[in-house]
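Colleague: I am new to this structure and would like to go through it slowly, asking at each step how a label was reached. Could we begin with what a word stands for, and then go on to the residues?

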Amino acid sequence: MFFLALSAFSGSAVAQPAAHAWARVTTPVIMGGAAQSIGTYTAGCLRGAAALPQDGAGYQTMRLSRKRVYGHPDLIHFIEKLGQTTADKGWGTLLIGDLGQPRGGPTLTGHRSHQTGLDVDIWYLLSREAAARSLSLDERETWGAPSVLAVRSDAVDASRWSPANEKILEAAARMPEVERIFVNPGVKRQLCASRMPHDWLRKIRPWWGHDDHFHVRLKCPASNSQCQGQELIPEGDGCDASLDWWFSAEAREQLRSGKARKPAAALVLPEQCQTVLKE
């Protein structure tokens, strides 16, 4: 199924294939030059993706059957670097969720981000079992990512949270290539209440869900001229009245009604993504 839409880059009409066309592609575009993230985080694609190895120092990849282990090489390097730091510091083993598809683009589930190879989901769970051995394929498919919130609450459950979780988020936020990190508002509030230094909290952004994983988003690589970045993060650490809104009656109603998750507009990919899909 195709539909016509205006390209955000060229202003011309572009026939946009449905998400299943992107899901059917099983290999990245092979290229000699630098990988290219094209478009926006929520409407784009990726040329020259790399696959994250199944296991590495300080991390293991989950849900392999989804085949969303591809990202811009910068993202692969970020995960490997964060995993190595986590291992060196003895914080545990990172369990890695979705990166992106072999050529990016929209997914069958309708998840609007992870389209340019610059996003990754990382579970909060720091399993002693995963730290001791490589998980089986079945375990990678069947283990759940537990919420760190108390039941029927927006407060963090102390039994599912540890100083290591805070240290991992801080280590990720301090990496210069990181644009922002999405966490549940309850997690953001927990971090704001911590006695840890707050100078890194600006990059930690509250967003719906994200109670069982955090979502790291990298900046557009300097050499990727067709990559469109996000608006600037507001000044300050975000531990002010702007955080209070997420716990207000208005916010709860938006979440209850589904308005919070409804896309603002139809998905429109740049013209260049049609070429990426066919290469």
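Modeller: Contact means heavy atoms within 4.5 Å, and the model we are looking at is a predicted one.

Colleague: With that in mind, which residues is arginine 68 in contact with, leaving aside its neighbours within four places in sequence?

Modeller: Arginine 68, which lies in the loop between strand E7 (59-61) and strand E8 (70-71), is in contact with Gly97, Asp98, Leu99, Gly100, Gln101, Thr107, Leu108 and Thr109, once neighbours within four places in sequence are left aside.

Colleague: Why does arginine 68 count as buried?

Modeller: Buried means under 20% relative accessible area, and arginine 68 has 11% relative accessibility, so arginine 68 counts as buried.

Colleague: What lines the largest cavity?

Modeller: Arg68 is part of that lining, together with Asp98, Leu99, Gly100, Thr107, His111, Ser113 and His114. The volume of the largest cavity is about 40 Å³, and the structure holds one cavity of 30 Å³ or more.

Colleague: What makes the backbone of arginine 63 worth a remark?

Modeller: Arginine 63 has a positive phi of about 50° although it is not a glycine, and its place is in the loop between E7 and E8.

Colleague: Why does arginine 63 count as partly exposed?

Modeller: Partly exposed lies between the cut-offs of under 20% for buried and over 50% for exposed; arginine 63 has 23% relative accessibility and therefore counts as partly exposed.

Colleague: And why is arginine 152 called exposed?

Modeller: The cut-off for exposed is over 50%, and arginine 152 has a relative accessible area of 81%, so it is exposed. Arginine 152 lies in the loop between helix H4 (137-142) and H5, and it too is not a glycine but has a positive phi, of about 50°.

Colleague: Is threonine 61 buried or exposed, and how do you know?

Modeller: With 0% relative accessibility set against the cut-off of under 20%, threonine 61 counts as buried. Threonine 61 lies in strand E7, and, not counting residues up to four places away in sequence, it touches Leu52, Pro53, Gln54, Asp55, Val69, Ile96 and Arg140.

Colleague: What does phenylalanine 78 touch, not counting residues up to four places away in sequence?

Modeller: Phenylalanine 78 touches Val120, Ala172, Met175, Glu177, Val178, Val216 and Leu218 on that count.

Colleague: What makes H5 a mostly covered helix?

Modeller: Nine of the eleven residues of H5 are buried, including Asn165, Glu166 and Glu170 as well as Ala164, Ile168 and Leu169. What covers these buried residues includes H2, E9, E11, H6, strand E12 (204-206) and E13.

Colleague: How do you know that the length of H2 agrees with what a helix should span?

Modeller: At 1.5 Å a residue, the 17 residues of H2 should span 24 Å, and its end C-alpha atoms are 24 Å apart, so the two values agree. H2 is followed by glycine 90, whose phi is positive, near 70°.

Colleague: Which residues of H2 are buried, and why are they said to be on the same side?

Modeller: The buried residues of H2 are Leu75, Ile76, Phe78, Ile79, Leu82, Gly83 and Thr86. They cover an arc of only 160° around the axis, which puts them on the same side of H2. An α-helix has 3.6 residues a turn, so residues three or four places apart point the same way. The face of H2 turned away from its buried side carries the exposed residues His77 and Asp88.

Colleague: Finally, how much space lies in the second largest pocket?

Modeller: About 280 Å³ of space lies there, and of the 15 residues that line this pocket, the closest to its centre are Asp154, Asn184, Pro185, Arg252 and Leu255. The elements that give two or more residues to its lining are H6 and helix H8 (249-257), and H8 gives the most, with three residues.

Conventions:
Residues are numbered from 1 along each chain as its sequence is written. This is a predicted model: local features need pLDDT of at least 70, side-chain atom pairs count only at pLDDT 80 or more; totals for chains, interfaces and linings use all residues. Side-chain values use heavy atoms; hydrogens and water are left out. Helices (H or I, at least four residues) and strands (E, at least two) are DSSP runs, numbered from the N terminus. The expected span of a helix is 1.5 Å times one less than its number of residues. Buried means under 20% relative accessible area, exposed over 50%, partly exposed in between (1.4 Å probe, protein chains only). The arc is that of the directions from the helix axis to the C-beta atoms. On a 1 Å grid over the protein atoms alone, a cavity is a set of points where a 1.4 Å probe fits but cannot get out, and a pocket is an open set with protein on both sides within 12 Å along at least five of seven lines; lining residues have an atom within 4 Å of a point. Grid points are joined across faces, edges and corners, and a volume is the space filled by probe spheres set on the points.
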